[in-house]
Amino acid sequence: MDHQSPLPTRLLAVALLIALPLGALSLDKLNMCMNGKHQKTEPGPEGELYKQCVPWRENACCTANTSAEAHEDNSYLYNFNWNHCGVMSPKCKSHFVQDTCFYECSPHLGPWIQLADSSWRKERIIDVPLCLEDCESWYNDCKYDFTCKDNWHKGWDWSSGTNHCPTGAECRLWSDVFPDAKSMCENIWTNSYKYTTLSKDSGRCMQMWFTGSNPNKKVAEYYLNQSPKTAATATSLTLMLTIVLSVFLH
């Protein structure tokens, strides 16, 4: 009786073992929650998300409680006081609520997640490319409000348990603190966001405001594929697979 060689089976197994890490890496980066302060460990459906956070309900990194707190002044999320220079206008505040929903709920920020040098979170986002419309409308709806700082991540007086303007920092018109939309979007959260001239229909920028299915997964996939680290990993695995195949076939 003829016996078939187990070579093809072994070859297929080795090929799969080499290819799987790259596939797992891509899937993880496209559907993951950052290791922040309030995000879940894994994304998933959240049918009870609140108001402006509702667009993420099909797949979210935030809980219903987090989404509700995102809409509150001085919420337990970060004890942050939006009204540090008088009452923030409703139009301006709506963008900060949306910003919080985006930050807490988004499962597609993987390409921009980095380790954070902070006591209250282990990871953060850097240079997330915001769509032009979102950044410009955020700035335009806030430009008649007031603030005392151009970087809201640090430098506050927290002695009362919530943030207040530090000594010597005067409240100024928003447009005096931030001369344009680019300076606001990039500086206010220490380069968490990157200003772009890309429109929402480009498929190359992340949308804070959207309805229907989340459009940001395809954007994240595009940038993940453009990443030098991803390309280097793919090249290394391809080379490894080529070497293994040549050894088995010869």
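This is a predicted model: local features need pLDDT of at least 70, side-chain atom pairs count only at pLDDT 80 or more; totals for chains, interfaces and linings use all residues.

Analyst: Start with the overall plan. The protein has 8 helices and 6 strands. Read from the N terminus, the order of elements is α-α-α-β-β-β-α-β-β-α-α-β-α-α. There are 250 residues, and buried ones make up 41% of them. The accessible surface comes to about 13600 Å². Carbon and sulfur atoms account for 55% of that surface. Now count contacts between residues at least 6 apart in sequence: 66% of these join residues at least 24 apart.

Next, the disulfides. A disulfide is a covalent bond between the sulfur atoms of two cysteines. A search of the whole structure finds 8 of them. Let us go through some of these in turn.

Take Cys 53 and Cys 101. A disulfide joins them, with an S to S distance of 1.9 Å. The two ends come from distant parts of the chain, 48 residues apart. Cys 53 sits in the loop between α1 (7-30) and α2 (64-69), while Cys 101 belongs to helix α3. The torsion about their S-S bond is about -80°, so this disulfide is left-handed. Is Cys 53 buried or exposed? Cys 53 has a relative accessible area of 0%, so it is buried. Cys 101 also counts as buried, because its relative accessibility is 0%.

Move on to Cys 135 and Cys 185. Their disulfide has an S to S distance of 1.9 Å. This pair links helix α4, which holds Cys 135, to helix α6, which holds Cys 185. The two cysteines are 50 residues apart. The angle about this S-S bond is 125°, and the link is right-handed. Cys 135 is at 1% relative accessibility and therefore counts as buried. Cys 185 has a relative accessible area of 1%, so it is buried too.

Now Cys 148 and Cys 165. Their sulfur atoms are 2.1 Å apart and form a disulfide. Here both cysteines lie in the loop between β4 (146-147) and β5 (172-173). They are 17 residues apart.

What lies around Cys 185? One of its neighbours is Trp 138, which touches Cys 185. Trp 138 also touches His 95, Phe 96, Asp 99, Leu 130, Met 184, Trp 189, Tyr 193 and Met 208, leaving aside residues up to four places away in sequence. Trp 138 belongs to the largest nonpolar core, which has 50 residues. Which members touch the most other members of that core? They are Phe 96, Trp 138, Trp 152, Trp 174, Trp 189 and Tyr 193. Several elements give two or more residues to this core, among them α3, β3 (128-130), α4 (132-142) and α6 (181-187). Helix α3 gives the most, with 7 residues.

Why does Lys 93 count as buried? Its relative accessible area is 19%, and buried means under 20%. Lys 93 touches His 71, Glu 72, Asp 73, Trp 82 and Met 88, not counting residues up to four places away in sequence. Its side chain reaches the backbone oxygen of His 71 at 3.2 Å. The C-alpha atoms of Lys 93 and Cys 142 are 8.1 Å apart, although 49 residues separate the two along the chain.

Finally, look at Thr 196. This residue is in the loop between β6 and α7. Thr 196 is at 9% relative accessibility, so it counts as buried. Where does its side chain reach? Another is the backbone nitrogen of Leu 198, at 3.2 Å. The C-alpha atoms of Thr 196 and Leu 130 are separated by 6.2 Å, yet these residues are 66 apart along the chain. Beyond four places in sequence, Thr 196 touches Pro 129, Leu 130, Cys 131, Leu 132 and Cys 205.

Conventions. Residues are numbered from 1 along each chain as its sequence is written. Side-chain values use heavy atoms; hydrogens and water are left out. Buried means under 20% relative accessible area, exposed over 50%, partly exposed in between (1.4 Å probe, protein chains only). Contact means heavy atoms within 4.5 Å. A polar contact is a pair of N or O atoms within 3.5 Å; within protein, one must be able to donate a hydrogen and the other to accept it, and residues adjacent in sequence count only if both atoms are side-chain atoms. Helices (H or I, at least four residues) and strands (E, at least two) are DSSP runs, numbered from the N terminus. Accessible areas come from the Shrake-Rupley method with a 1.4 Å probe; for residues, only the protein chains shown count as cover. A nonpolar core is a set of buried Ala, Val, Leu, Ile, Met, Phe, Trp, Tyr and Cys residues joined through side-chain atoms within 4.5 Å. A disulfide is a pair of cysteine sulfur atoms within 2.5 Å.
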